[in-house]
Amino acid sequence: MDEKSNNWTIIRALQHARHDWMNHIQLIKGYIALGKTEEAERVIEQTVMQAKQEAHLCNLALPELAKLLITFNWEAHAFQLEYEVMDMSIKTEAADSCLVSWMSSLFCLIERNVETYAANHLYLSMEEAEEGIRFFFEFSGIITNTEALSKGLVEILSASGVKRYKIHLHSSEEMLFEAVI
């Protein structure tokens, strides 16, 4: 992750958001012009779900984390990020800036250890846990250095502020892990 990631102005964010919306609208118009109404409806549904997730994320009172996750795919990265807020009543004692620092470290670790031009995808779900927020990660793609990624993952998941973690699966193509912060 580069310095540019933390330098989002309102105008730059609006430009990217508008670009995304225009892409969705053009895709829908294209499907309609081709008579593919089911595909157009699918894109509409996906766009509505994405907007709802952005709203849920913004309502968590963690603005820096919301900014990180919403803007992540607007820049070039070795993987695409998808997120879902499973529980709207999430409360945490963790500082927003600490969550962003932890999450950024995790994203950098993944980025360093996956094939740059592969179809890599990281799905992140968030829900309330007794002790804080439960982050559940599912990665699929091509992992180039499983040993380094595994070692770095344990290090990041053992950081202060992480109340508990578990690595469920780790192979050269998949990772499933969770952390409560």
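Modeller: Helices (H or I, at least four residues) and strands (E, at least two) are DSSP runs, numbered from the N terminus. This is a predicted model, in which local features need pLDDT of at least 70, side-chain atom pairs count only at pLDDT 80 or more, and totals for chains, interfaces and linings use all residues. Residues are numbered from 1 along each chain as its sequence is written, and side-chain values use heavy atoms, with hydrogens and water left out.

Colleague: What does Ser89 count as at 36% relative accessibility?

Modeller: Ser89 is found in the loop between E1 and H4. Buried means under 20% relative accessible area, exposed means over 50%, and partly exposed is in between (1.4 Å probe, protein chains only). At its 36% relative accessibility, Ser89 therefore counts as partly exposed.

Colleague: Which side chain does a polar contact of 2.7 Å join to that of Ser89?

Modeller: A polar contact is a pair of N or O atoms within 3.5 Å; within protein, one must be able to donate a hydrogen and the other to accept it, and residues adjacent in sequence count only if both atoms are side-chain atoms. The side chain of Ser89 has such a contact of 3.3 Å with the side chain of Glu128. The polar contact of 2.7 Å joins Ser89 to Asp87.

Colleague: How many Å apart in space are Ser89 and Ala76, C-alpha to C-alpha?

Modeller: Ser89 and Ala76 are 13 residues apart in sequence. From C-alpha to C-alpha, their separation in space is 32 Å.

Colleague: Is H1 roughly parallel or roughly antiparallel to H2?

Modeller: Axes are lines fitted to C-alpha atoms, for helices over the stretch in contact, and angles run from 0 to 180 degrees between N-to-C directions. Angles under 35 degrees count as roughly parallel, over 145 as roughly antiparallel, 65 to 115 as roughly perpendicular and the rest as oblique. Helix H1 (residues 10-33) packs on H2 at about 160 degrees, with the axes 8 Å apart. Therefore H1 is, relative to H2, roughly antiparallel.

Colleague: How do the residues of the contact of H1 with H2 divide, and what are the numbers?

Modeller: Contact means heavy atoms within 4.5 Å. Trp21, His24, Leu27, Ile28, Tyr31 and Ile32 in H1 meet Glu39, Ala40, Arg42, Val43, Ile44, Thr47, Gln50 and Ala51 in H2. Ala, Val, Leu, Ile, Met, Phe, Trp, Tyr, Cys and Pro count as nonpolar, Asp, Glu, Lys and Arg as charged, and the others, Gly among them, as polar. The division is nine nonpolar, three polar and two charged.

Colleague: Which residues of H3 make the contact with H2?

Modeller: H2 and H3 pack at about 160 degrees, with their axes 9 Å apart, so H2 is roughly antiparallel to H3. On the H2 side, the contact is made by Glu54, Leu57 and Cys58. On the H3 side, it is made by Ala66, Leu69 and Ile70.

Colleague: Is H3 roughly parallel or roughly antiparallel to H4?

Modeller: The axes of H3 and H4 come within 7 Å and cross at roughly 25 degrees. That crossing therefore makes the pair H3 and H4 roughly parallel.

Colleague: Which residues of helix H3 are buried?

Modeller: The cover over the buried residues of H3 includes helix H2 (37-58), strand E1 (80-85), helix H4 (96-112), strand E2 (121-129) and strand E3 (132-140). Within H3 (residues 63-71), the buried residues are Leu65, Ala66, Leu68, Leu69, Ile70 and Thr71.

Colleague: What is the relative accessible area of Ser125?

Modeller: Ser125 lies in strand E2. Leaving aside neighbours within four places in sequence, Ser125 is in contact with Glu84, Met86, Arg134, Phe135 and Phe136. Ser125 is buried, and its relative accessible area is 9%.

Colleague: Which residue has its backbone oxygen 3.3 Å from a polar atom of the side chain of His77?

Modeller: His77 is found in the loop between H3 and E1. His77 is buried, with a relative accessible area of 18%. The backbone oxygen that lies 3.3 Å from a polar atom of the His77 side chain belongs to Phe72.

Colleague: What is the phi of Ala61, which is not a glycine?

Modeller: Most residues other than glycine have a negative phi. Ala61 lies in the loop between H2 and H3 and counts as exposed at 63% relative accessibility. Although Ala61 is not a glycine, its phi is positive, at about 65 degrees.
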